[in-house]
Amino acid sequence: TRFLVKSLEEKIKKAKRIIQKAHKKYSQDKTVVAWTGGKDSTVLLQLVRMTFNNEVPFPVMFNDSTMEFDEIYDFIGRLQKEWNLNLVIIPHDKEELNEFYRSSAERKKELSRIMKVNAIARFVKQHSIQAFIAGIRWDEHEARSKESYFSQRGDHVRVHPILHFTESDVWKLIRVHNVPYVRLYDQGYRSLGEKPFTKKAIPGMGERSGREYDKEHMMEKLRNIGYW
(Lines give C-alpha, C1' and ligand atoms only; values in the text may rest on other atoms or scores of the structure.)
Protein backbone atom coordinates (compact mmCIF):
# COMPACT_ATOMS: atom_id res chain seq x y z
CA THR A 1 0.00 0.00 0.00
CA ARG A 2 2.92 2.39 0.47
CA PHE A 3 3.04 3.23 -3.25
CA LEU A 4 -0.69 3.91 -3.55
CA VAL A 5 -0.55 6.96 -1.31
CA LYS A 6 0.37 9.87 -3.60
CA SER A 7 -0.48 13.43 -2.58
CA LEU A 8 0.39 15.11 0.70
CA GLU A 9 -3.30 15.39 1.60
CA GLU A 10 -3.76 11.65 1.05
CA LYS A 11 -0.72 10.97 3.21
CA ILE A 12 -2.09 13.23 5.94
CA LYS A 13 -5.45 11.42 5.85
CA LYS A 14 -3.71 8.05 6.17
CA ALA A 15 -1.62 9.26 9.12
CA LYS A 16 -4.72 10.62 10.86
CA ARG A 17 -6.54 7.30 10.40
CA ILE A 18 -3.65 5.50 12.12
CA ILE A 19 -3.66 8.01 14.98
CA GLN A 20 -7.44 7.63 15.37
CA LYS A 21 -7.11 3.84 15.38
CA ALA A 22 -4.49 4.01 18.14
CA HIS A 23 -6.69 6.39 20.13
CA LYS A 24 -9.62 3.97 19.96
CA LYS A 25 -7.58 0.83 20.59
CA TYR A 26 -5.40 1.87 23.55
CA SER A 27 -6.02 3.72 26.82
CA GLN A 28 -5.45 7.43 26.42
CA ASP A 29 -3.30 7.67 29.57
CA LYS A 30 -1.32 4.56 28.60
CA THR A 31 -0.44 5.90 25.16
CA VAL A 32 2.43 8.35 24.66
CA VAL A 33 3.76 10.35 21.73
CA ALA A 34 7.57 10.33 21.48
CA TRP A 35 8.93 13.82 20.78
CA THR A 36 12.58 14.70 20.18
CA GLY A 37 12.05 18.30 19.11
CA GLY A 38 13.13 17.31 15.59
CA LYS A 39 11.16 17.88 12.41
CA ASP A 40 9.58 14.42 12.09
CA SER A 41 8.27 14.09 15.65
CA THR A 42 7.06 17.72 15.58
CA VAL A 43 5.15 16.99 12.37
CA LEU A 44 3.74 13.90 14.10
CA LEU A 45 2.51 16.12 16.97
CA GLN A 46 0.97 18.51 14.45
CA LEU A 47 -0.88 15.58 12.83
CA VAL A 48 -2.19 14.53 16.26
CA ARG A 49 -3.39 18.11 16.77
CA MET A 50 -5.04 18.10 13.34
CA THR A 51 -6.82 14.88 14.31
CA PHE A 52 -8.14 16.20 17.64
CA ASN A 53 -9.09 19.86 17.10
CA ASN A 54 -5.65 21.32 17.85
CA GLU A 55 -5.19 19.28 21.02
CA VAL A 56 -2.84 16.41 21.90
CA PRO A 57 -4.89 13.99 24.04
CA PHE A 58 -1.86 11.84 24.94
CA PRO A 59 1.10 12.52 27.21
CA VAL A 60 4.16 13.61 25.19
CA MET A 61 7.44 11.89 26.05
CA PHE A 62 10.81 13.62 25.72
CA ASN A 63 13.78 11.28 26.22
CA ASP A 64 16.33 13.69 27.73
CA SER A 65 19.93 12.65 27.17
CA THR A 66 21.09 15.95 28.77
CA MET A 67 23.17 16.33 25.58
CA GLU A 68 20.68 17.78 23.13
CA PHE A 69 21.28 21.08 21.35
CA ASP A 70 20.36 24.19 23.37
CA GLU A 71 18.05 25.10 20.50
CA ILE A 72 16.15 21.83 21.04
CA TYR A 73 15.59 22.52 24.75
CA ASP A 74 14.43 26.08 23.99
CA PHE A 75 12.10 24.86 21.23
CA ILE A 76 10.57 22.15 23.41
CA GLY A 77 9.96 24.57 26.26
CA ARG A 78 8.32 27.10 23.94
CA LEU A 79 6.12 24.64 22.07
CA GLN A 80 5.03 22.90 25.27
CA LYS A 81 3.40 26.19 26.31
CA GLU A 82 2.08 27.19 22.88
CA TRP A 83 0.51 23.79 22.19
CA ASN A 84 -0.44 23.08 25.83
CA LEU A 85 1.35 19.72 25.82
CA ASN A 86 1.32 17.29 28.73
CA LEU A 87 5.11 16.92 28.52
CA VAL A 88 6.77 14.07 30.39
CA ILE A 89 10.55 14.34 30.52
CA ILE A 90 12.27 10.97 30.78
CA PRO A 91 15.58 11.32 32.62
CA HIS A 92 18.56 9.13 31.93
CA ASP A 93 19.97 7.02 34.74
CA LYS A 94 22.39 9.03 36.91
CA GLU A 95 24.89 6.19 37.24
CA GLU A 96 24.92 5.70 33.48
CA LEU A 97 25.42 9.44 32.97
CA ASN A 98 28.28 9.48 35.49
CA GLU A 99 29.92 6.60 33.65
CA PHE A 100 29.38 8.41 30.34
CA TYR A 101 31.26 11.51 31.49
CA ARG A 102 34.15 9.40 32.85
CA SER A 103 34.48 7.27 29.72
CA SER A 104 36.60 7.28 26.58
CA ALA A 105 35.21 8.68 23.35
CA GLU A 106 34.38 5.21 21.98
CA ARG A 107 32.64 4.13 25.18
CA LYS A 108 30.68 7.40 25.19
CA LYS A 109 29.26 6.52 21.77
CA GLU A 110 28.12 3.14 23.06
CA LEU A 111 26.68 4.52 26.29
CA SER A 112 24.75 7.27 24.51
CA ARG A 113 22.76 4.55 22.71
CA ILE A 114 22.34 2.29 25.74
CA MET A 115 21.09 5.14 27.95
CA LYS A 116 18.37 6.12 25.49
CA VAL A 117 17.14 2.54 25.07
CA ASN A 118 17.19 1.92 28.84
CA ALA A 119 15.28 5.14 29.53
CA ILE A 120 12.53 4.10 27.12
CA ALA A 121 12.32 0.59 28.64
CA ARG A 122 12.11 1.93 32.22
CA PHE A 123 9.41 4.42 31.32
CA VAL A 124 7.29 1.87 29.46
CA LYS A 125 7.52 -0.62 32.34
CA GLN A 126 6.99 1.86 35.19
CA HIS A 127 3.89 3.38 33.59
CA SER A 128 2.50 0.21 31.98
CA ILE A 129 2.50 1.93 28.59
CA GLN A 130 0.37 0.13 26.00
CA ALA A 131 1.27 2.15 22.91
CA PHE A 132 4.17 4.38 21.97
CA ILE A 133 3.56 6.65 18.95
CA ALA A 134 6.77 7.59 17.10
CA GLY A 135 7.61 9.65 14.00
CA ILE A 136 9.87 7.31 12.05
CA ARG A 137 9.72 6.96 8.26
CA TRP A 138 10.40 4.18 5.78
CA ASP A 139 12.76 6.26 3.66
CA GLU A 140 15.08 7.63 6.36
CA HIS A 141 17.06 4.46 7.15
CA GLU A 142 17.32 0.92 5.78
CA ALA A 143 16.64 -0.48 9.27
CA ARG A 144 13.23 1.24 9.25
CA SER A 145 12.27 0.45 5.66
CA LYS A 146 10.28 -2.69 6.54
CA GLU A 147 8.59 -1.34 9.67
CA SER A 148 4.81 -1.60 10.06
CA TYR A 149 2.27 0.96 11.26
CA PHE A 150 1.51 -1.14 14.35
CA SER A 151 4.55 -3.04 15.60
CA GLN A 152 4.38 -5.29 18.67
CA ARG A 153 7.41 -4.86 20.96
CA GLY A 154 7.04 -7.32 23.82
CA ASP A 155 5.13 -5.42 26.48
CA HIS A 156 3.84 -2.60 24.24
CA VAL A 157 3.02 -1.59 20.66
CA ARG A 158 4.89 0.98 18.58
CA VAL A 159 2.61 3.05 16.36
CA HIS A 160 4.18 4.76 13.32
CA PRO A 161 1.69 7.11 11.59
CA ILE A 162 4.14 8.83 9.19
CA LEU A 163 6.00 5.80 7.82
CA HIS A 164 4.83 6.68 4.31
CA PHE A 165 6.08 10.29 4.45
CA THR A 166 9.32 11.28 2.74
CA GLU A 167 11.71 13.97 3.95
CA SER A 168 10.22 16.21 1.26
CA ASP A 169 6.68 15.49 2.53
CA VAL A 170 7.70 16.50 6.04
CA TRP A 171 8.98 19.87 4.86
CA LYS A 172 5.97 20.37 2.60
CA LEU A 173 3.62 19.82 5.55
CA ILE A 174 5.68 22.22 7.69
CA ARG A 175 5.35 24.92 5.03
CA VAL A 176 1.68 24.34 4.14
CA HIS A 177 0.50 24.16 7.78
CA ASN A 178 2.99 26.68 9.20
CA VAL A 179 4.45 24.18 11.69
CA PRO A 180 7.20 25.55 13.98
CA TYR A 181 10.62 23.91 13.67
CA VAL A 182 14.10 24.22 15.14
CA ARG A 183 16.17 26.70 13.13
CA LEU A 184 19.17 24.36 13.13
CA TYR A 185 17.63 22.92 9.97
CA ASP A 186 18.21 26.27 8.26
CA GLN A 187 21.92 25.96 9.10
CA GLY A 188 22.61 22.74 7.18
CA TYR A 189 21.42 20.05 9.61
CA ARG A 190 18.95 17.53 8.19
CA SER A 191 18.66 15.05 11.07
CA LEU A 192 19.19 15.93 14.74
CA GLY A 193 20.57 13.71 17.48
CA GLU A 194 22.65 14.44 20.59
CA LYS A 195 24.87 17.49 20.07
CA PRO A 196 28.23 15.68 20.52
CA PHE A 197 27.30 13.13 17.85
CA THR A 198 25.52 15.28 15.26
CA LYS A 199 27.03 17.33 12.44
CA LYS A 200 25.61 19.15 9.46
CA ALA A 201 24.61 16.85 6.62
CA ILE A 202 27.26 16.15 3.99
CA PRO A 203 26.29 17.87 0.71
CA GLY A 204 25.02 15.35 -1.81
CA MET A 205 24.74 12.60 0.82
CA GLY A 206 21.73 11.21 2.68
CA GLU A 207 19.47 12.84 5.25
CA ARG A 208 21.27 11.18 8.16
CA SER A 209 24.80 11.73 6.81
CA GLY A 210 25.56 14.07 9.70
CA ARG A 211 24.69 11.47 12.32
CA GLU A 212 27.24 9.41 14.22
CA TYR A 213 28.48 6.70 11.83
CA ASP A 214 28.75 3.75 14.23
CA LYS A 215 25.21 4.27 15.47
CA GLU A 216 23.85 4.47 11.94
CA HIS A 217 25.79 1.34 10.99
CA MET A 218 24.22 -0.70 13.82
CA MET A 219 20.70 0.80 13.69
CA GLU A 220 19.04 -2.59 13.12
CA LYS A 221 20.63 -4.01 16.28
CA LEU A 222 19.67 -0.89 18.28
CA ARG A 223 16.06 -1.12 17.14
CA ASN A 224 15.93 -4.79 18.14
CA ILE A 225 16.77 -3.84 21.73
CA GLY A 226 14.28 -0.99 21.93
CA TYR A 227 15.49 2.06 19.99
CA TRP A 228 13.01 3.68 17.64
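Modeller: Buried means under 20% relative accessible area, exposed means over 50%, and partly exposed lies in between (1.4 Å probe, protein chains only). The model is predicted, so local features need pLDDT of at least 70 and side-chain atom pairs count only at pLDDT 80 or more, while totals for chains, interfaces and linings use all residues. Residues are numbered from 1 along each chain as its sequence is written, and side-chain values use heavy atoms, with hydrogens and water left out.

Biologist: Is S112 buried or exposed?

Modeller: S112 lies in helix α5, residues 105-126; helices (H or I, at least four residues) and strands (E, at least two) are DSSP runs, numbered from the N terminus. The relative accessibility of S112 is 4%, and therefore S112 counts as buried.

Biologist: Which residues does S112 contact, leaving aside its neighbours within four places in sequence?

Modeller: Contact means heavy atoms within 4.5 Å. With those sequence neighbours set aside, the contacts of S112 are F100, E194 and F197.

Biologist: How do the axes of α4 and α5 run relative to each other?

Modeller: Axes are lines fitted to C-alpha atoms, for helices over the stretch in contact, and angles run from 0 to 180 degrees between N-to-C directions. The axes of α4 (residues 94-102) and α5 come within 9 Å and cross at roughly 170°. Angles under 35 degrees count as roughly parallel, over 145 as roughly antiparallel, 65 to 115 as roughly perpendicular and the rest as oblique. The relation of α4 to α5 is therefore roughly antiparallel.

Biologist: How many charged residues are in the contact of α4 with α5?

Modeller: Residues of α4 including F100 and Y101 meet residues of α5, among them S112 and M115. Ala, Val, Leu, Ile, Met, Phe, Trp, Tyr, Cys and Pro count as nonpolar, Asp, Glu, Lys and Arg as charged, and the others, Gly among them, as polar. The contact of α4 with α5 has five nonpolar and two polar residues, and the number of charged ones is five.

Biologist: Which residue of β4 is the bridge partner of T31?

Modeller: Strands β1 (residues 31-34) and β4 (residues 131-133) run parallel and are joined by three bridges. In β4, the bridge partner of T31 is A131.

Biologist: How many of the five residues of β2 are buried?

Modeller: V60, F62 and D64 point one way from β2, while M61 and N63 point the other way. Strand β2 is largely enclosed by the rest of the structure because the number of its residues that are buried is five of the five.

Biologist: What is the handedness of the crossover from β1 through α2 to β2?

Modeller: β1 and β2 pair in the parallel sense over two bridges, and V33 has V60 as its bridge partner in β2. A crossover is right-handed if, with the strands pointing away from the viewer, the path from the first strand over the helix to the second runs clockwise. The β-α-β crossover from β1 through α2 to β2 is right-handed.

Biologist: Which residue of β3 is the bridge partner of N63?

Modeller: Five bridges join β2 to β3, and these strands run parallel. In β3, the bridge partner of N63 is I90.

Biologist: What is the phi of N53, a residue other than glycine?

Modeller: Most residues other than glycine have a negative phi. N53 is found in the loop between α2 and β2 and counts as exposed at 72% relative accessibility. Its phi is positive, near 50°.

Definitions and conventions. Two strands pair if DSSP finds at least two bridges between them.
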